[in-house]
Amino acid sequence: MKRLDYWIISNAKNFPGKASLEDEIPFVIWQRQWEVCDIIGDRQGSEKLAQSINLLAEKNQSYGSLASYYLSALAVYRANYKEALKFSRKGLEQAVGSGDREGTARMYGQMGEASYHLSDYVGATEYRMKALEIFNELGHDIKAADVNSDLGLTYWRIGSYAQALEYSRQAQEIYEKENNVRQLIAVKTNIASIYIRMDRIDEAFDLYQQVFGLAQTIGDKQKQSSLLNNIGVILLRRNEYQNALAYLQRGVSIDRTIGNITGEGSKLNNMAVLEGTLGNHDKALGYLEKALLIDISTGNLNGQASKLNNMADLWAMKQDYKKALEYSLKTMELSRQINAKDYLCHSLVKNSELCALLGRYPEAIEYGREGITLAREIGSHSAIILGLSYMANVYLKLGDTKIALEYSDESLALLKKQSVFEVALEKYYFQRYEILKAVDRKEQALECLNRAYRELNKKADEISDPAMREKFYSNNAEYIVILNEWKAIDKGKQEG
């Protein structure tokens, strides 16, 4: 017997249902073909396979739960998460009804996947825990590792970073032991994303680059798309705008090839952030509107929170603080609904800033305190520093320079100890300059103004196109204020 024939029949005999080899052999082949289609992003191939398995299930009920699983997975590919949850629930009933423990765990895992994409993190955790318990009971290490990896993502989403790392590293250990390269790519990507939220940016960047090379080696288009997005985000935060745009555009090209609309929405979101930073506010809003429509169509509430948050930032850049607050409040409400603590604490501190700009100081203080408390709870150093900085600004506007300086000193002490990802340093140091100037600490104030000016120029230096660089400076009101203040001080020095 040929080795391929032996492999097919051996795998077919392991099928838990009561089916003939006539049915089992094509099913085993379809399973492997599905894996190949998944890796290369062949969604049409995946759809044909899911339909074939469903036809087999109509003839033989032993395949019912598996057919529901593949239909659910196909719905996830299409970003139709409500349909995915419906199929996975049906598959669970079929697996439980037939006494198939492995199938039951598989369907709990799939219910967790659908719930995760619907931003139901409580439900996703509950279903994944049930799947993990059964896979551990059955001794299925790789499948248990898959669930551990998924749990890591769920805890990451709700801001429980220590738990997220714990589950992810348990999965990594098993994948390395079993030399499972594809899943190792997935879990290392997750770990890098957790690092970002913990402000461990250099570690995240190195890990993303490492796994991108692995994804290229095995030809996994979906993973390449995700990693291009993540690398692009870090390059954006490092002010390497043209490199960032190149990575994001490469990712969008892959997404459109494989029909990954959720991935496309994520990259449009980040392209909007990039364009907003360069002063192209209307272009950025256009990207965000397209991205938001994608998330609304798929029911992705977490994605909607992200886009609404960035819309708030853009309206603030356009100095329409009332509209910015409207979008930030929507982000806050949605974040509470889906228990996304990271988005929630950032929207709370943003509300503090916007309320101060609108002269609504009691609300600004209330939002700031709540945001800082939550940021400390989840360990988001960026949000803590931003919250302290905004509170300092509120008290400065109220004329209480003593409390303003206390908040500013606390934020600076944390900034010196902790590398952060989401703090605009030019804005931070300019605000501290204003506080120090108000308390007549002129020398230290000038040091902060110089630092703000250097940080601003560092961003501009990454833009090679002169016209684009000029637009970067001239289309942002805060940048204009920093430049004008620095020029006035510098001119005074020269004249003196």
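**View 1. Helix 10 and the residue that follows.** Helix 10 (residues 181–197) has 17 residues and spans 25 Å from its first C-alpha to its last, close to the 24 Å expected at 1.5 Å a residue; the expected span is 1.5 Å times one less than the number of residues. Helices here are DSSP runs (H or I, at least four residues) numbered from the N terminus. The model is a predicted one, in which local features need pLDDT of at least 70 and side-chain atom pairs count only at pLDDT 80 or more, whereas totals for chains, interfaces and linings use all residues. Residues are numbered from 1 along each chain as its sequence is written, and side-chain values use heavy atoms, with hydrogens and water left out. Because 15 of its 17 residues are buried, helix 10 is largely enclosed by the rest of the structure; buried denotes under 20% relative accessible area, exposed over 50%, and partly exposed in between (1.4 Å probe, protein chains only). Aspartate 199, which follows helix 10, has a positive phi, near 65°.

**View 2. The crossing of helix 11 and helix 12.** The axes of helix 11 (residues 201–218) and helix 12 (residues 221–237) come within 9 Å and cross at roughly 150°. Helix 11 is thus roughly antiparallel to helix 12 (angles over 145 degrees). Axes are lines fitted to C-alpha atoms, for helices over the stretch in contact, with angles running from 0 to 180 degrees between N-to-C directions.

**View 3. Aromatic pairs.** Eleven aromatic pairs are counted, a pair being rings of Phe, Tyr and Trp (its six-membered ring) with centres within 6.5 Å; planes under 30 degrees apart count as stacked, over 60 as edge-to-face and the rest as tilted. One of them, tyrosine 453 with tryptophan 486, is stacked, at 3.8 Å centre to centre and 0° between the planes. Tyrosine 453 belongs to helix 23 (residues 442–461) and tryptophan 486 to helix 25 (residues 477–495), so the pair ties together parts 33 residues apart in sequence. Tryptophan 486 counts as buried, at 18% relative accessibility. Phenylalanine 472 and tyrosine 479 form a tilted pair, 5.0 Å centre to centre with 45° between the planes, and both residues are buried. Ring pairs also link Tyr241, Phe472, Tyr473 and Tyr479 into a cluster.

**View 4. Charges over rings.** The charged end of arginine 238 sits over the ring of phenylalanine 205, 4.2 Å from its centre. The charged end of lysine 330 is placed over the ring of tyrosine 327, 5.0 Å from its centre. The criterion is NZ of Lys or CZ of Arg within 6 Å of the ring centre and within 35 degrees of the ring normal.

Methods:
Helices (H or I, at least four residues) and strands (E, at least two) are DSSP runs, numbered from the N terminus. Angles under 35 degrees count as roughly parallel, over 145 as roughly antiparallel, 65 to 115 as roughly perpendicular and the rest as oblique.
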